[in-house]
Amino acid sequence: MKYISTRGGIETLSSAQAIKKGIADNGGLFVPDHIPLLTDSLFDRLVKMDYAERAAEILSLYLTDYDKAELLSDCRKAYKNFDTENPAPTVKLGENKYMLELFHGPTCAFKDMALQIMPRLLSRALKMTGEKKTAYILVATSGDTGKAALEGYRDVDGVRIKVFYPVDGVSDIQKLQMSTQEGSNVSVQAIEGNFDDAQNGVKRIFADKEFSDKLREQGYILTSANSINWGRLAPQIVYYISSYIDLYNAGEIKRGEQVCFCVPTGNFGNIFAGYLAARMGLPVKCFICASNKNNILTDFLNTGVYDRNREFYQTSSPSMDILISSNLERLLYFTAGKEKTAEYMKQLSKTGRYEITQNELSEIRKLFVGGFTDEDGTLAEIYSTFKDTGKLIDTHTAVAYRQAEQYVQKTSDKVITVSTASPYKFAASVLTALHKKVKGSRGVLSPLYELADATDTAIPAPLASLEGKAVRFSGAIKKEDMPDSLFD
Ligand SMILES: *Cc1c(COP(=O)(O)O)cnc(C)c1O
């Protein structure tokens, strides 16, 4: 299996090279040069396997240069860090309504599904490509990704990681999660400024040739843990297939029966991984692409026009507050081809807008439907779901579940909603949705205790254990001092 750029060109890499490199020379994203098949005999084998074995089996179809036994050993280690035996269980909530829970990892959000395994893939990629230097991972974060990356990369061989966050731009809980991070190769640094300052600071470091030479002399190469890296996308294919097989094993669906997945979408990475599973042969009737008030994807799927020249809203589902869904480029590649994709991306960076043809749109609409949930709808969904089923969901999941419920009412299809975060990660919003006032009398973690009291549910261990953990990283620096801080 070779990897090529969504924008064409002659660059052709192995999967290890693609994972180490992250983004193609011409600015495109790496995609596999063909899509492997989920054959009947593979399906038969997966049926009898646990999650880690399924992951190794599916990853080995894409990462053909990796040793399969090593993949299995990595997957075993990655997926034992979850608080459920099956790291990605699917639960039934009602007639034709299911939920795939992806928040049982160490940071209680779905990013763990990829970031627990990707560092191991990178570490192997460094060895396989003969890299002697240490990979220095730089991340600018507005919250969730930083913590998940820190947890994933801590104490991984050949890697060092530094996360920058805006000192006043993350929630108190997120700050506490990061400042208490353990591990010998991790570092966290608050900077004065907002998220864009942190992000631009990191971009400047990457672009500074002289500085990377200096780092090289010290034994480092720079790399990123970005969501467009193939090493983050590939592991996400696994849970779509695994969820289907779990429902088959539970007798909920017949073999070959089509299902729909409803995915709370931001950068289009999660849902695109599902698309690949469908292209492999997983029986999927549709993907419901759920957005919040930033409904640029809903408009795109309805009209074929992608236009980022619009107002940006901050919502109660912040991980979906996004106007450029980077991974949509990969869907364009598989729908319209590399020349058109390059052209659309050029228009996007020039004018902030592009329009696909009606043929391309109808091709995409064979599998994708778009819908969005506004702020009131999100909170109302959390309330009604808890009242009707006793299931507590977070704001991102609620955005999707509302769309799934509307879809189920109109059809006889079975819909699996992808649940991307623990409700405790967004405890204050969830309390508000349940018509509770946040009292805040018990410190930073107060909303968590209050949510536990109000709903008679338990705070997930990784969040509960923040209480009393030592703060290792404190103080904020000026953004000009970011490069120097790499040597601390
Ligand atoms: C990142 C994230 C999303 C969006 O996923 P994409 O792959 O960017 O579409 C949704 N929900 C939560 C909780 C997330 O952290």
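**Ligand surroundings**

In this predicted model, an oxygen atom of the ligand lies 3.5 Å from a polar side-chain atom of Ser319, a polar contact (a pair of N or O atoms within 3.5 Å). A polar side-chain atom of Lys111 is 2.6 Å from an oxygen atom of the ligand, and a polar backbone atom of Gly266 is 2.8 Å from a ligand oxygen atom.

**Basis of the values**

Local features need pLDDT of at least 70 and side-chain atom pairs pLDDT 80 or more, whereas totals for chains, interfaces and linings use all residues of this predicted model. Residues are numbered from 1 along each chain as its sequence is written, and side-chain values use heavy atoms, without hydrogens and water.

**Packing of H4 and H6**

The axes (lines fitted to C-alpha atoms over the stretch in contact, with angles from 0 to 180 degrees between N-to-C directions) of helix H4 (residues 68–78) and helix H6 (residues 118–128) come within 9 Å and cross at roughly 145°. Helices are DSSP runs (H or I) of at least four residues, numbered from the N terminus.

H4 contributes Glu70, Leu71, Ser73, Asp74, Lys77 and Ala78 to the contact, and H6 contributes Arg120, Leu121 and Arg124; contact means heavy atoms within 4.5 Å.

**Ala452**

Ala452 belongs to helix H20 (residues 446–455). Its relative accessibility is 15%, so Ala452 counts as buried (under 20% relative accessible area, 1.4 Å probe, protein chains only). Beyond its neighbours within four places in sequence, Ala452 is in contact with Tyr424, Thr457 and Ile459.

Note on methods. Helices (H or I, at least four residues) and strands (E, at least two) are DSSP runs, numbered from the N terminus. Buried means under 20% relative accessible area, exposed over 50%, partly exposed in between (1.4 Å probe, protein chains only). A polar contact is a pair of N or O atoms within 3.5 Å; within protein, one must be able to donate a hydrogen and the other to accept it, and residues adjacent in sequence count only if both atoms are side-chain atoms.
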